[in-house]
Amino acid sequence: MKIYVACFNKKANVKNDIYTNLQLGAYKKRDEIFDCYDNDGDNISEKNKYYCELTGLYWIWKNIKEDIIGLVHYRRFFYKSFFSNKDDILQKQDIEKILKNNDIILPKKEILVGNTVYSQYKKTHDIKDIEEVKKIISEIYPDYLNSFNKIMKRRKFYICNMFIAKKELIDEYCEWLFNILSELDNRIDFSKRDNYNARTPGFLGERLFNVWIEKNNFRICEKNIFNIELSFFLQKIKIVIKRFIGLFYR
């Protein structure tokens, strides 16, 4: 079992041997404080400006053999419960127990107050990109189109491209995801965009993950994620408020 911690310039100080710091965008400059690098072996590290943590996911897919794998962020981790403190992240025994009866561990869904997944994307990004993704799915994975349409109408979705699951399950996802993103690269030149909008493949990856989850009907265990750099108290208050609002959403 290995849980890969997506890092850029900062290392996560996790006192647990299943967590491994993975430097993303390492093709630019490898910083020797990290445990592994996304420009080793079969990789797409040079696309990090566009793919965000997905270059780490690609590296895990192509180069790692552990039975159980995960992807978290240097400042965001899965926690045992809502009442956890900063050090109470999921441990090996917790993960093994959860995966006995579940296929995948995911973050609690983000609630989009006043928006659907589609309308929220339209507000913050170029909606033509997601329409192009829909077209690609209809062409190469038409059996996923119904799930895509369902997700776009939802008011909740899984964020951050974070998960813990068996490697074989994630391998299947990666083949599906990177086939779609590769085709998108052929159709849209992201290099001509500003730094924020250049990250479109990473943003789309979050939405596509939800489409894949919806289609395959997995047994899911949702866990809280907390940002270790922010106040846990304030994060919990925000969670309570959003969950109350979420009672009125599908």
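Predicted model: local features only at pLDDT ≥ 70, side-chain atom pairs only at ≥ 80, totals over all residues.
On a 1 Å grid over the protein atoms alone, a pocket is an open set of points where a 1.4 Å probe fits, with protein on both sides within 12 Å along at least five of seven lines, and its lining residues have an atom within 4 Å of a point. A volume is the space filled by probe spheres set on the points, which are joined across faces, edges and corners. Residues are numbered from 1 along each chain as its sequence is written, and side-chain values use heavy atoms, with hydrogens and water left out.

Let us start with the largest pocket, whose volume is about 1,200 Å³. It is lined by 41 residues, and those closest to its centre are R76, E110, I159, C160 and I225. Several elements each give at least two residues to this lining: strands 7 (110-111), 8 (156-157) and 11 (225-227), together with helices 4 (117-124), 8 (200-216) and 9 (232-246). Here helices (H or I, at least four residues) and strands (E, at least two) are DSSP runs numbered from the N terminus. Helix 9 gives the largest share of the lining, seven residues. Sorted by class, the lining holds 17 nonpolar, 10 polar and 14 charged residues, where Ala, Val, Leu, Ile, Met, Phe, Trp, Tyr, Cys and Pro count as nonpolar, Asp, Glu, Lys and Arg as charged, and the others, Gly among them, as polar.

The second largest pocket has a volume of about 330 Å³. Among its 15 lining residues, N13, V14, K15, K86 and D87 are the closest to the centre. Its lining is made up of six nonpolar, three polar and six charged residues.

Now return to helix 9, where you will find K236. This lysine is buried but has no salt bridge, and the nearest side chain of opposite charge, D88, lies 8.4 Å away. Buried means under 20% relative accessible area, exposed over 50%, and partly exposed in between (1.4 Å probe, protein chains only). For charge, Lys and Arg count as positive and Asp and Glu as negative, while His and the chain ends are not counted. Leaving aside residues up to four places away in sequence, K236 touches F82, F83, S84 and F226; contact means heavy atoms within 4.5 Å.

A salt bridge is a side-chain nitrogen of Lys or Arg within 4 Å of a carboxyl oxygen of Asp or Glu, and the whole structure has 17 of them. One joins D103 and R219, with 3.0 Å from N to O. These partners are 116 residues apart and link distant parts of the chain: D103 sits in the loop between helix 3 (92-99) and strand 6 (104-107), and R219 in the loop between helix 8 and strand 10 (220-223). D103 is partly exposed at 22% relative accessible area, and R219 is partly exposed at 43%.

Another salt bridge pairs R187 with E139, their closest N and O atoms being 2.5 Å apart. It too links distant parts of the chain, 48 residues apart, with R187 in helix 7 (residues 167-187) and E139 in helix 5 (residues 127-140). R187 also forms a salt bridge with E183, at 2.8 Å between the closest N and O atoms. Where do E183 and R187 stand along helix 7? They are four residues apart, which means about one helical turn separates them. Through shared partners, salt bridges join E132, K135, E139, E183 and R187 into one network.
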